[in-house]
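This report describes the structure shown below.

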Amino acid sequence: WSLACLAAGCLKRRLDAGEDIAIIDLRTALDVVAAPYAIPGSRWITAEELDEHRSEIPRDREVVVYCS
């Protein structure tokens, strides 16, 4: 695994170009209620539930996580 920071605009360009990127939304339930938007195609898994859903996160493509 490697970590890198990816600007929102860069992610949008890559998605618009058709890149196959898995996107995980790590916001809390309160954050989702306060700002009920999501990146299209993203999967919402709270940070607290991440270990429970580890097997559902693809390993065959890039994964982007966001929390705000």
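In this predicted model, the largest pocket holds about 880 Å³ of space. Its lining is made up of 27 residues, and those nearest the centre of the pocket are Leu3, Ala4, Val63, Val64 and Val65. Two elements, H1 and E3, each give two or more residues to this lining. Helix H1 makes the greatest contribution, with 6 residues. By residue class, the lining of the largest pocket comprises 18 nonpolar, 8 charged and 1 polar.

**The sheet**

Strand E3, which contributes to the pocket lining, also belongs to an open sheet of 3 strands. The strand order is E2-E1-E3, and the pairing is parallel. Strands E2 (43-44) and E3 (63-66) lie at the edges, each pairing on one side only. Strand E1 comprises residues 22-25 and is joined to E3 by 4 bridges. Between E1 and E2 there are 2 bridges, again in the parallel sense. In general terms, strands of a sheet pair through backbone hydrogen bonds, in either a parallel or an antiparallel arrangement.

Aspartate 25 has tyrosine 66 as its bridge partner in E3, and aspartate 25 stands opposite tryptophan 44 in E2. Both faces of E1 are covered: Ala22 and Ile24 are buried on one side, and Ile23 and Asp25 are buried on the other.

**Arginine 14**

Helix H1 spans residues 8-16 and includes arginine 14. Is this arginine buried or exposed? Arginine 14 counts as buried, because its relative accessibility of 19% falls below the 20% limit. Leaving aside residues up to four places away in sequence, arginine 14 touches Leu6, Glu19, Ile21 and Glu62.

**The cysteines**

How many disulfides does the structure hold? The number is 0. Cysteine 5 takes part in no disulfide, and the nearest cysteine sulfur, in cysteine 10, is 9.9 Å away. A disulfide is a covalent bond between the sulfur atoms of two cysteines. The sulfur of cysteine 10 has its closest cysteine sulfur in cysteine 5, and the separation of 9.9 Å is too far for a bond. The two residues also fall into separate accessibility classes: cysteine 5 is exposed, at 80%, whereas cysteine 10 is partly exposed, at 25%.

**Proline 36**

Proline 36 is found in the loop between helix H2 (29-34) and strand E2. With a relative accessible area of 71%, proline 36 is exposed. Proline 36 and alanine 47 are separated by 11 residues in sequence and, C-alpha to C-alpha, by 17 Å in space.

The accessibility values of the individual residues discussed above are collected here.

| Residue | Relative accessible area | Class |
|---|---|---|
| Cysteine 5 | 80% | exposed |
| Cysteine 10 | 25% | partly exposed |
| Arginine 14 | 19% | buried |
| Proline 36 | 71% | exposed |

Note on methods:
Residues numbered from 1 in each chain as written. Predicted model: local features only at pLDDT ≥ 70, side-chain atom pairs only at ≥ 80, totals over all residues. Heavy atoms only, no water. Disulfide = S-S within 2.5 Å. Buried < 20%, exposed > 50% of the residue type's maximum accessible area, 1.4 Å probe, protein only. Pairing = 2+ DSSP bridges. Contact = heavy atoms within 4.5 Å. 1 Å grid on protein atoms, 1.4 Å probe; cavity = no way out; pocket = protein on both sides within 12 Å on 5 of 7 lines; lining within 4 Å. Points joined across faces, edges and corners; volume = space filled by probe spheres on them. Nonpolar A, V, L, I, M, F, W, Y, C, P; charged D, E, K, R; others polar.
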